[in-house]
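Morning, everyone. Please look at the model on the screen, and I will walk you through it.

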Amino acid sequence: MVAIAALAALVTTLVAVLIRWLPESASEEMDRIEFVFWFTTVICVAIWAIVSAVIVYAVLKFRAAPDDDTDGPPIHGHTGIEIVWTAVPAVLVTAISIVSAIVLAKNDDAGDNPLRIAVTAQQFAWRFEYPASAEGADDAVTAGELVLPVNQSVKLTLHSLDVIHSFWVPEFGQKSDAVPGIETTLVITPTRLGSYSLACTELCGLGHSTMRAAVEVVSREDYDAFLAAEREGGGGGGGGDDGEAVFASAGCGACHAFAPAGSDAEVGPGLDDLAGAAEGAGVSLEEFVRQSIVDPNARVAEGYQPDVMPDTYENTLSDEQLDGLVQYLVDGQGNGG
Ligand code: CUA
């Protein structure tokens, strides 16, 4: 029976260790989550080994002979064994709960002085607002990319402008929904430099699968340089009024094909030939583009559904950003194929 248990334990341990079930951790929080997984896995392997050994041993040892049709002996039970198989699982489950509770509490604790970044989710893009350089300064940076300094505790506050989205970077372990009307938070302490990918993990509409953002974990110097560069080109916290930057940060490319931006998404209508559409609508190209951004249901391209494109851009983009975006789209006509 011991040999069977050892064999079962060996096989399941190899399955647990040799297959890469989880992405390589890149945060302190993920390290703790991995600890809980291994703690639980070791317990499960031990129980599985004991149970499978008893079953296999019993089947082999107490098998009835082919011509034995008699009843087994009448047995009532065994109080000692019943106490053991109640007490041992109770202790193990309690241990798992305690370890999990400690990890959850630690993973929610951002420490005394975390870096605070506001995350805004919207069909179908992410925006990140970085804090101003000093108290009272008016140079907060907004970007479509999440850049984090390594070994710094970061507290993300999540907001949604429309429906429920979910923030998840697999290597960071932590995950949280972004829910309209309330603020949720997530603590991440990156430990490994590199490029990661943020994915929305809550089905949020036609463009859900395209709702991704780049995540970079960089040194403190590179983080400061990133913020300085964004401030330089950013025109005071708007994330830039340059149309190309607005197109990228507002997430237009997640749904629309547009050759100058290199996007080829097919959730919404392509944007490479808008002149014909404007002519068909009987308005100027610029007016057509502007209205399609701020009031997307006014004219819905044939073959597409109304109420898919968010109608919030008039509020989320500044006037300068909107002008820049319209100009970028108007200038880009006729470049596509
Ligand atoms: Cu946002 Cu799925």
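**A salt bridge, a patch and a pocket**

R192 and E24 join their side chains in a salt bridge, 4.0 Å from N to O. The two partners are 168 residues apart, so to speak, in the chain: R192 sits in the loop between β8 (184–188) and β9 (194–200), and E24 in the loop between α1 and α2. A salt bridge here is a side-chain nitrogen of Lys or Arg within 4 Å of a carboxyl oxygen of Asp or Glu. Side chains of opposite charge can pair when their charged atoms come close. By this rule there are four salt bridges.

A word on the source. This is a predicted model, where local features need pLDDT of at least 70, side-chain atom pairs count only at pLDDT 80 or more, and totals for chains, interfaces and linings use all residues. Residues are numbered from 1 along each chain as its sequence is written, and side-chain values use heavy atoms, with hydrogens and water left out.

Helices (H or I, at least four residues) and strands (E, at least two) are DSSP runs, numbered from the N terminus.

Next, the domains. Their bounds come from an automatic or database domain assignment. Domain 1 is 2–63 + 74–107, domain 2 is 115–237 and domain 3 is 243–331. Between the C-alpha centres of domain 1 and domain 3 there are 55 Å.

Which helix gives the most to the nonpolar patch? It is α1, with seven residues. The patch covers about 1,200 Å², and its members include L7, W21 and F37. F37 belongs to helix α2. Patch residues have over 30% relative accessible area (Shrake-Rupley, 1.4 Å probe) and no salt bridge; nonpolar side chains (Val, Leu, Ile, Met, Phe, Trp, Tyr) are joined within 5 Å, like charges within 9 Å.

Now the largest pocket. It holds about 750 Å³ of space. Of its 37 lining residues, H256, P269, L271, S292 and M309 are closest to the centre. A pocket is an open set of points on a 1 Å grid where a 1.4 Å probe fits, with protein on both sides within 12 Å along at least five of seven lines; lining residues have an atom within 4 Å of a point. Domain 2 and domain 3 both give residues to the lining, so the pocket lies between them. Helix α7 supplies the largest share, four residues.

Last, the backbone. The peptide bond from Q123 to F124 is cis, with omega near -5 degrees. N151 has a positive phi, near 60 degrees.

Notes: Grid points are joined across faces, edges and corners, and a volume is the space filled by probe spheres set on the points.
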